[in-house]
2 protein chains.
Amino acid sequence: MVSTARVVVIGGGFGGLNAAKGLKRGPAEVMVIDRTNHHLFQPLLYQVAAAVLAPGDIAVPIREILAKQRNATTIMAEVVAIEKEAKQVVLANGDRVSYDYLVVAPGARHAYFGHDEWEACAPGIKTLEDALRIRERLLISFEKAERCDSISEAEKYLNFVIIGGGPTGVEIAGAIAEIAQLTMIQNFRRINPERTKVYLVEGCEEILPPYPKRQGKYAREALEELGVEVLTNTMVTHIDRTGVTFKGGKLIPSRNIIWAAGNQASPLLKTLGIELDRAGRVKVQPDLTIAGYPEIFVIGDGAYLEDKKGKPLPGIAPTAIQQGKYVAKVIRKKIAPDKRKPFRYFDKGMMATIGQNKAVAVLGKFGLNGYLAWLAWCLIHIAYLIGFRNRILVLINWCFEYFTGSRGSRLIDRGLSDDH
Amino acid sequence: MVSTARVVVIGGGFGGLNAAKGLKRGPAEVMVIDRTNHHLFQPLLYQVAAAVLAPGDIAVPIREILAKQRNATTIMAEVVAIEKEAKQVVLANGDRVSYDYLVVAPGARHAYFGHDEWEACAPGIKTLEDALRIRERLLISFEKAERCDSISEAEKYLNFVIIGGGPTGVEIAGAIAEIAQLTMIQNFRRINPERTKVYLVEGCEEILPPYPKRQGKYAREALEELGVEVLTNTMVTHIDRTGVTFKGGKLIPSRNIIWAAGNQASPLLKTLGIELDRAGRVKVQPDLTIAGYPEIFVIGDGAYLEDKKGKPLPGIAPTAIQQGKYVAKVIRKKIAPDKRKPFRYFDKGMMATIGQNKAVAVLGKFGLNGYLAWLAWCLIHIAYLIGFRNRILVLINWCFEYFTGSRGSRLIDRGLSDDH
């Protein structure tokens, strides 16, 4: 056994970063490989899409975070394959990197349930690029509507359809409803931004399916107060440039469709050559490794694990953070496979905002709705942001929006794209 | 004569915006047409390219600035032609807009002196998109250099060549030299960011040609202290993906070439059907109109005018601002062509920073170098920024950089572009 373990971490998200940081004082050489140069605070990404925050407010270069950790190297590269027998990962340019331990934390993308062609018209929000694309469409839509000669022509630009009534869908629906009412008001002459119509579409019978029904109902009422039309029990059958078609044939004309309806784990996991679940995730062992390979850990959105009651762990930041820390401890202490205690998820609860002043939160059996939940949401998200500078900037942007209604990041920086 | 004049303003830069704002209380219907949705504070654009500031810090939606001016409408569109006989402007989609007065303030792009093919390898800094492209290349270069196997291979990524020793060239050279020494230090493991080599190339015998020689010399020494190699009397003969070739045959291998060497006024001016100067500018009448058309004003970087001593007015923000205000007054008061007093430029001086703590400033015959000039530069730029929020954000970002060396906008948001 080598005294200094070579640890390769794929992905600089919550899971990967916490695994790397947890190895700071261990006898390890850590290499973090990410396709981008930044760690992204995904819980606030929808606010970049809604022009509240700037990309830099919620993203920090990974190598800046790890600057003082002398045993960590950061590489910006794409991993295309994992060769578990050779104990190597293969990069897009053909380079190979050997490891003693491998932490696989590549995250997830959207799943379109066999309709990948929908993605062009209905992008999801996972990366900064996604969020900037949605922001651009959103802002250009108002610009285009202002130039339309008739109201019916403007309609397709002022209809927003969000597909998926989970926490992401609820948060983005609230944020878009508010941009029209708080931010855009007075800015236009021909159109009335209040004509904006936001639809939130959910297949189940209530929104926020992982939350207690009571909270789903509260969220629905809060959204309706903001003018959002919540369509539950509603199935999407087709999406194209005209709009969204539902089961039964109804069409909502829209150029602004956002997908928040399902995840698919990173395709990199397929190269592990093991069985994956329907969402492309690895069913990990209790120590988060894959069967027969105690040196390969899979964590975060790419891992499937159930808690003691048989309930799957939620795909949220606390899960990934705790898993990253657990893996770092196992590697740091070189715990033999048969001596590892199973990973235990400590439930810190879930929360989602609905516009300003309102949120739903749930912790075990305890639920909280309204202003207090919203305040808690704000504080927790500021506290978990990495970097003092980012905390200040987010706080300032929030205050400005709260007190003046103006959003700081209403930038269309790529010019008028005519394919919109 | 109509009682309410229809005023069309092309361009929402310093000139156009001040013309529009100056008409707030006049009997006018103002329409501002811009290709983008934002007014850009161009004097700080190089700091976006250098990852100090975020795009949103120095850009504000034009319709937000004019929100409370009820007689102003903002349209995001591209003007492709001016038909001065029909008194109409033609938009890219074929729409026509009629005017009683026209204010043409479309700005300038770079001039490559007949070598437009150089632009792909040597972009300039005029728009947010330009700045983001340069920032991406800059940051990716460090990432790529970190992955190179040999120092000679890494060289082309760590060589930066800035062509043009005017104020823009000097400012960007200083900012790039500092990114390596202040910001990137400690962030990399294999490369030493201090190996970064910045070249500033100027055809004249001293940099900062519009400034007194003494100040050019000061700027050169200050840049050399930062490790910048200043090459004066140096002519570029060729630019491609390998690097920059100079007269005499010397080649500097570089993937990071920035063009700051010359301007060409907007091609829109050609559609006026009048004679333009070598830089594509309109030689305007003393009242900033074009001969024979007292209702068409050309202002800002697209206008050529000399002061009383026969010196051309500088292409800087104060010129455009003063011209915009002058035009608004003429239109507001409906001053007849023969009663208009000639436009008088009030010289507020020029200034340029050289990294932190140093700047050169000149006001008439009075020159100021060093720390005080730098402090004045900071204060003036903060004061002229539009929007309280933007002032706060720029101030915070500057303070963070000043005291910690960290730059807030080190984001590569479009993924690894392999054509770099």
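Start by selecting β23(A) together with β24 (residues 359–363) of chain A: the two strands run antiparallel and are joined by four bridges. Keep in mind as you click around that this is a predicted model. Now pick A:M351 and look across to A:A361 in β24(A), which stands opposite.

You now have an open sheet of three strands in chain A, ordered β23-β24-β25, with antiparallel pairing. β23 (350–353) and β25 (366–369) of chain A are the edge strands, each pairing on one side only. From one strand to the next, the twist averages 5°.

Bring up helix α9 (residues 371–384) of chain A as well. Helix α9 packs on the sheet and touches β23, β24 and β25 of chain A; the helix direction makes about 105° with that of β23(A).

Time for a helix pair. Select α1 (residues 14–22) and α8 (residues 317–332), both in chain A: their axes come within 7 Å and cross at roughly 30°. That angle makes α1(A) roughly parallel to α8(A), and the crossing is right-handed. Show side chains where they meet: α1(A) brings residues including A:F14, A:N18 and A:A19, while α8(A) brings, among others, A:I321, A:K325 and A:R332. The residues of this contact divide into six nonpolar, four polar and two charged.

Last stop: A:S406, in the segment after α10 (388–404) of chain A. Is A:S406 buried or exposed? At 17% relative accessibility, A:S406 counts as buried. Beyond its neighbours within four places in sequence, A:S406 is in contact with A:T183, A:F400, A:E401 and, over in chain B, B:E64.

Technical notes:
Residues numbered from 1 in each chain as written. Chains lettered and ligands numbered in written order. Predicted model: local features only at pLDDT ≥ 70, side-chain atom pairs only at ≥ 80, totals over all residues. Heavy atoms only, no water. Buried < 20%, exposed > 50% of the residue type's maximum accessible area, 1.4 Å probe, protein only. Contact = heavy atoms within 4.5 Å. Axes fitted to C-alpha atoms, helices over the stretch in contact; angles between N-to-C directions. Parallel < 35°, antiparallel > 145°, perpendicular 65-115°, else oblique. Left-handed = near helix turned anticlockwise from the far one by under 90°. Nonpolar A, V, L, I, M, F, W, Y, C, P; charged D, E, K, R; others polar. Pairing = 2+ DSSP bridges.
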